[in-house]
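Subject: Structure handover

Hello,

Here is the structure we talked about passing on. Please open it first, then read my notes below.

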Amino acid sequence: MTDSTSRECLYNFCKNIRRLYGPKYLRKPNYNDVLNLYEHHENYHGFPGMLGSIDCMHWDWEKCPVAWRGQFMRGDHGCPSIILEAVASHDLWIWHAYFGMPGANNDLNVLNSSPLLNDMENGMFPQSSFFCNDNEYAHGYYLADVIYPEWPVFMQTITCPTTFKRKRFQVAQEGARKDIERAFGVLKKRFHILKNPARAWHPKKIRSVMYACIKIHNMILECEGKSISPFVPDKDEPPSPFDIDDPRRDNQILALRNKSIHESLKADLVKHIERVRTDIAVRSI
């Protein structure tokens with residue numbers, strides 16, 4: 001079999017993996033999944049309401065056309081690349097993947113075009129509140145880097161902690177956020193094609209390979225019994241998106257971008273982490 005035929009077989013295989021197994025192995029979390037993620041992350045990391053960690057990864061593109069190199073190459077990266085935005089939980093299950101943005105963009109540019117926030121704004125995400133420090137919050141959050149905006153759905157670290165409590169929060173947040181870094185590392189270790197520059201000429205074929213690898217990665221986690229939330233079909237009908245003129249959509253957007261709620265949640269998390277760490281220290285004596 002020639003090299004070109006082998007590559008075409010690979011791309012057809014990846015395209016069909018994406019089509020057949022996408023609804024299960026790259027699904028949006030339903031209500032049952034969200035509750036399982038809340039419980040596991042609070043028990044393991046100490047963060048109530050945590051849905052996972054979010055970050056971006058670059059996949060180098062060796063065969064990028066010369067005419068496209070300006071938009072696919074960033075100065076600090078050194079070669080053309082395509083960006084993957086992903087959300088991973090502690091078991092390394094990837095719950096969200098958005099791949100295809102040119103490498104010249106940063107994480108904020110990717111977020112602005114990603115469907116992650118659009119689903120929340122349009123009411124397509126399960127409404128599941130949680131309590132932190134005896135205060136109720138309507139939506140879960142993702143642990144993120146400091147480049148992400150200060151919104152209630154993202155929880156960044158504290159760059160210059162001035163108290164011991166804030167220092168403990170910084171250590172806990174940065175330790176828990178390594179879940180997404182571990183997921184990227186396992187993907188590259190498990191699939192050799194992702195470790196080397198992509199050799200396809202068209203972004204559509206590269207996209208099929210990336211999504212197929214992510215779905216097979218989630219399949220392996222399920223087969224090994226490491227998944228936090230096994231697949232349970234949702235008995236209820238999926239929620240329909242809000243209309244563009246629906247006032248609920250405007251209220252949802254304001255709530256998801258409310259900086260005061262973000263600051264209140266961070267203060268409650270700092271107190272919660274301090275209390276949890278103190279209880280652990282007392283029990284160990």
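Helix H1 (residues 3-25) and helix H9 (residues 203-223) pack at an angle of about 50°, with their axes 8 Å apart. Axes here are lines fitted to C-alpha atoms, for helices over the stretch in contact, and angles run from 0 to 180 degrees between N-to-C directions. Helices (H or I, at least four residues) and strands (E, at least two) are DSSP runs, numbered from the N terminus.

Some ground rules. This is a predicted model: local features need pLDDT of at least 70, side-chain atom pairs count only at pLDDT 80 or more, and totals for chains, interfaces and linings use all residues. Residues are numbered from 1 along each chain as its sequence is written, and side-chain values use heavy atoms, with hydrogens and water left out.

The angle makes H1 oblique to H9. The classes are: under 35 degrees roughly parallel, over 145 roughly antiparallel, 65 to 115 roughly perpendicular, and the rest oblique. The crossing of H1 past H9 is left-handed, meaning that the near helix is turned anticlockwise from the far one by less than a right angle. On the H1 side, the contact (heavy atoms within 4.5 Å) includes Tyr 11, Phe 13, Ile 17 and Tyr 21. On the H9 side, Val 209, Tyr 211, Ala 212 and Met 219 are among the contributors. By class, this contact has eleven nonpolar, three polar and eight charged residues. Ala, Val, Leu, Ile, Met, Phe, Trp, Tyr, Cys and Pro count as nonpolar; Asp, Glu, Lys and Arg count as charged; the others, Gly among them, count as polar.

H9 also meets helix H7 (residues 178-190). The axes of H7 and H9 come within 11 Å and cross at roughly 100°. The two are therefore roughly perpendicular to each other. Val 186, Leu 187 and Arg 190 in H7 meet Cys 213, Ile 214, His 217 and Ile 220 in H9. That contact has five nonpolar, one polar and one charged residues.

Now the sheet. It is open, has five strands in the order S3-S2-S1-S6-S7, and its pairing is mixed. Two strands pair if DSSP finds at least two bridges between them. Strand S3 (94-102) and strand S7 (154-155) stand at the edges with a single partner strand each, so one side of each has no neighbour in the sheet. S3 is still mostly covered: eight of its nine residues are buried (under 20% relative accessible area; exposed is over 50%, partly exposed in between; 1.4 Å probe, protein chains only). H7 lies across strand S1 (50-60), strand S2 (81-88) and S3, at about 40° to S1.

S2 and S3 run antiparallel and share seven bridges. Leu 84 stands opposite Phe 99 in S3. Their hairpin has five residues between the strands, and Leu 92 there takes a positive phi near 75°. Leu 143 faces Met 155 in S7.

Finally, two backbone points. Most residues other than glycine have a negative phi. Asn 133 has a positive phi of about 55°. Asp 134 has one of about 70°. Asn 133 sits in the loop between strand S4 (130-132) and strand S5 (135-137), and Asp 134 is in the loop between S4 and S5 too. Asn 133 is partly exposed, at 23% relative accessible area. Asp 134 is exposed, at 75%.

Best wishes
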